[in-house]
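Me: I would like to learn how to read the features of a model one at a time. Please start with the terms and then turn to the case at hand.

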Amino acid sequence: MRNLKKIFIHAAMVALFTAPGLAFSADEVVVYSARNEQLIKPLFDAYTKETGTQIKFITDKESALLERLKAEGNRTPADMLITVDAGNLWLAAHEGVLAKTKSKTLEANVPAHLRDPDGYWFGLSVRARTIVYNTNKVKPAELSTYEDLADPKWKGRLCLRTSKKVYNQSLVAMMIARLGEQKTEEIVRGWVANLATDVFPDDTKEMEAIAAGQCDVGVVNTYYYGRLMKKKPELPLALFWPNQQAQGVHVNVSGAGITKHAKHRAAAVKLLEWMSSEKAQNLFADENMEYPANPTMKPHATVAAWGTFKQDTINVAEAGKRQAEAVKLMDRAGYK
Ligand code: FE
């Protein structure tokens with residue numbers, strides 16, 4: 001009986017050590033991702049093919065993943081969190097679910113303003129939140145800055161997405177960092193006074209309203225413009241790069257950090273470094289029509305065709321630090 005048991009254990013061990021992806025390929029990384037499967041799967045497949053490292057992942061909304069990481073604590077299987085917007089990355093670090101990563105590779109590949117100064121997270125792709133306008137109703141020469149959209153000349157001509165969306169919270173947070181609270185509040189009040197209609201639940205609906213002539217101008221993330229124009233190239237919409245004489249266009253990132261309780265920390269850091277590298281940057285950015293964070297890589301031709309612009313180089317972490325302040329300010333200003 002005793003021998004039989006031994007044999008069973010041995011058989012189990014042999015099975016364990018010969019099963020592919022287990023003992024012989026000890027490297028495995030578990031990822032929680034707020035970027036959807038269609039965007040990350042090709043990237044992970046390429047990595048597994050190159051290195052043999054298996055990647056397990058789940059995708060969910062950013063807030064659900066953060067709650068899950070907090071609830072799981074040190075029992076979490078997650079080694080890496082991928083999420084969108086520096087506001088969300090900052091929050092994850094602030095809530096204590098991420099660990100610092102010190103990596104010369106990441107520091108070389110990701111410009112300083114697109115990563116956390118303390119190394120808790122790193123931007124991997126860039127999206128610009130810029131001005132979009134109806135080409136039948138607005139000449140680009142009439143446009144200049146985000147601030148100018150508060151000018152009475154835009155009364156009844158502006159469309160905006162809801163202030164509940166983190167993208168707008170980050171935009172306003174960065175304005176507070178640059179202009180101070182009082183000036184920013186004046187501008188946001190001006191935007192609200194210029195609104196043609198109620199705020200929109202998403203950037204696409206906002207652009208459709210602009211294209212339909214319900215309003216003339218708005219503010220959106222570049223990849224939503226890319227997606228819409230791919231489907232309906234006939235729409236009379238174009239992007240404008242504001243604040244080019246000043247600090248530049250507001251940019252934000254999608255990015256990743258290593259979790260505090262990672263079980264495969266070294267393997268996860270390697271994966272993160274690879275994601276910032278030349279090999280992976282276009283795989284990460286192009287499918288979503290974003291810009292690679294690594295400046296040595298060029299964006300996809302569709303994205304490049306929107307033109308070049310100067311980007312704001314204030315550290316995107318400011319978006320997180322000032323998020324609560326931005327939310328309160330928008331509330332005071334009546335921006336719904
Ligand atoms: Fe988005």
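Reply: Start with accessibility: buried means under 20% relative accessible area, exposed over 50%, and partly exposed in between, with a 1.4 Å probe and protein chains only. This is a predicted model, in which local features need pLDDT of at least 70 and side-chain atom pairs count only at pLDDT 80 or more, while totals for chains, interfaces and linings use all residues. Residues are numbered from 1 along each chain as its sequence is written, and side-chain values use heavy atoms, with hydrogens and water left out.

Me: How many salt bridges are there by the rule used here?

Reply: Side chains of opposite charge can pair when their charged atoms come close. The rule asks for a side-chain nitrogen of Lys or Arg within 4 Å of a carboxyl oxygen of Asp or Glu. By this rule the count is 26 salt bridges. One of them is between Glu28 and Lys56, at 3.4 Å from N to O. Glu28 belongs to strand β1 (residues 28-33) and Lys56 to strand β2 (residues 54-59), so this pair links distant parts of the chain, 28 residues apart. Strands here are DSSP runs of E with at least two residues, helices are runs of H or I with at least four, and both are numbered from the N terminus.

Me: Is Lys56 buried, exposed or partly exposed?

Reply: Lys56 has a relative accessible area of 47%, so Lys56 is partly exposed. Glu28, at 14%, is buried.

Me: How many disulfides does a search of the whole structure find?

Reply: A disulfide is a pair of cysteine sulfur atoms within 2.5 Å. The search finds one. Cys159 is joined to Cys215, S to S 2.0 Å. The link is left-handed, with -105° about the S-S bond.

Me: Which residues are the protein donors of the iron ion?

Reply: Donors are N, O and S atoms within 2.8 Å of the metal (3.2 Å for Na, K and Ca); water is not among the atoms, so sites may look incomplete. Here the protein donors are the OH atoms of Tyr167, Tyr223 and Tyr224, lying 2.0 Å from the iron ion. Their spacing in sequence is Y-x55-Y-Y. Tyr223 and Tyr224 are buried.

Me: Which residues have the most contacts inside the largest nonpolar core?

Reply: A nonpolar core is a set of buried Ala, Val, Leu, Ile, Met, Phe, Trp, Tyr and Cys residues joined through side-chain atoms within 4.5 Å. The largest has 104 residues, and those with the most contacts inside it are Trp191, Leu237, Leu271 and Met275. Helix α6 (residues 166-179) gives the largest share of this core, eight residues.
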